[in-house]
Amino acid sequence: MSQNEPKKNNLNPLKWLGGGAAFLLVKGKALLSILKFSKIVGPLLSMMVSIWAYALIYPWGFATGFVLLLLVHELGHVIAAKQKGLPVSAPLFIPFVGALIAMKRRPLDAKTEAYIAFGGPVLGTLGAVAVFGAAYYMDSPLLFSLAYIGFFLNLINLLPIHPLDGGRIAIAVTRWLWLVGLVGGLVVILYLKSILFFIIWALFAYDLFNKYIRRRKKSGLQSITRGFLIPVEPLLAEGYLIPGPEHRRDLPFSTYSDMNQQQYVTTQWEGLKFEGTMPLPLQGLIHKVKVIGLERVLLENGLHLKMHLEVQLTVFDNDKYYDVPVSARWKYGTAYFLLAGFLAGMMYLVHAVGNV
């Protein structure tokens, strides 16, 4: 066996990914805050950390090639997003989890989202094909192994499970593919025995439950409560009257959404010199903002009035987001299944030719 050839018993590509989920959950936020300090240094540093982590299990050549294949995949998303005029972050690599990019503005329709999702596996497939060509030309066991893992990772990313690429492509084909992913995901979990994929599948299942079962049952008005602290001593010094705990009133409000489609509600109470803004966890039609409770709280910096606000709204489901022309659905659907079939075929070819 060549010194640079990965060990055969380590070639199950996702056996070691289980610990990656725990790493992401425990260290993910800290890692993101550290690596975002520079558009160039951050991605390079995360790449080096990932290569080092994979090299603990695989030879350095395989670890480096694997991370480069991830980079090619993520660059496909970046290029596709740029073509649609959507800003994205540089790729961020997380050991034993993979890589990701963050979209700074959400797509306005499902067709655009699917286009960006397609960019990763398309360019990633081309990268794996190039590695396979080099492996065949040089008869390199290392490159054959990298080509195989490249095809496999792009194929697994096509599973119709959100937030995998396949789950985002499915919305431009038919959302019924999500049901296929829900059932097929269990099969993949049982076959791969991957904790990471179980977490992804569980989050996907929970999201579908919230979107199509729980939310459908909640008709009519919904309410969201928020609390604000108002300093009392400056108000007393100016002669303001502080209302009691049973005080109730409606407050004037305005609402707006930013470029990321995050909705905010701004409200004010002139009698207490208060003005506050609160983000909403979901888009909705705002009906009223009302004070539902007041309590006095003594803090280190003085007496405060804790005001409890209730926002009443009707949830807005933008069904037009999923309006995709029939011709585009056929185009995306055909490309989706052809790409999946090609990747599966290339995995078989690499296995046959390279004996991987």
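1. The backbone nitrogen of Gly-284 lies 2.9 Å from a polar atom of the Gln-263 side chain, a polar contact in the sense of a pair of N or O atoms within 3.5 Å, where within protein one must be able to donate a hydrogen and the other to accept it, and residues adjacent in sequence count only if both atoms are side-chain atoms. This is a predicted model, in which local features need pLDDT of at least 70 and side-chain atom pairs count only at pLDDT 80 or more, while totals for chains, interfaces and linings use all residues. Residues are numbered from 1 along each chain as its sequence is written, and side-chain values use heavy atoms, with hydrogens and water left out.

2. Gln-263 is buried, with a relative accessible area of 5%, where buried means under 20%, exposed over 50% and partly exposed in between, for a 1.4 Å probe and protein chains only. Leaving aside residues up to four places away in sequence, its contacts (heavy atoms within 4.5 Å) include Thr-255, Tyr-256, Met-278, Leu-282 and Gly-284.

3. Gln-263 has its place in strand 6, and strands (E, at least two residues), like helices (H or I, at least four), are DSSP runs numbered from the N terminus. An open sheet of 3 strands has the order 5-6-7 with antiparallel pairing, two strands being paired if DSSP finds at least two bridges between them. Strand 5 (253-257) and strand 7 (274-279) are the edge strands, each pairing on one side only. Strand 6 (residues 263-269) is joined to strand 7 by 6 bridges, and Thr-267 has Gly-276 as its bridge partner in strand 7.

4. The largest nonpolar core has 66 residues, of which Leu-146, Ile-149 and Phe-151 touch the most other members; such a core is a set of buried Ala, Val, Leu, Ile, Met, Phe, Trp, Tyr and Cys residues joined through side-chain atoms within 4.5 Å. Helix 5 gives the most to this core, with 10 residues. Apart from it lies another core, of 24 residues, among them Met-278, Leu-280, Val-291 and Val-315.

5. Helix 5 (residues 141-156) is mostly covered, with 13 of its 16 residues buried. Helix 5 reaches 22 Å from its first C-alpha to its last, close to the 22 Å expected at 1.5 Å a residue, the expected span being 1.5 Å times one less than the number of residues. Leu-146 touches Gly-61, Phe-62, Gly-65, Phe-66, Leu-69 and Val-131, not counting residues up to four places away in sequence.
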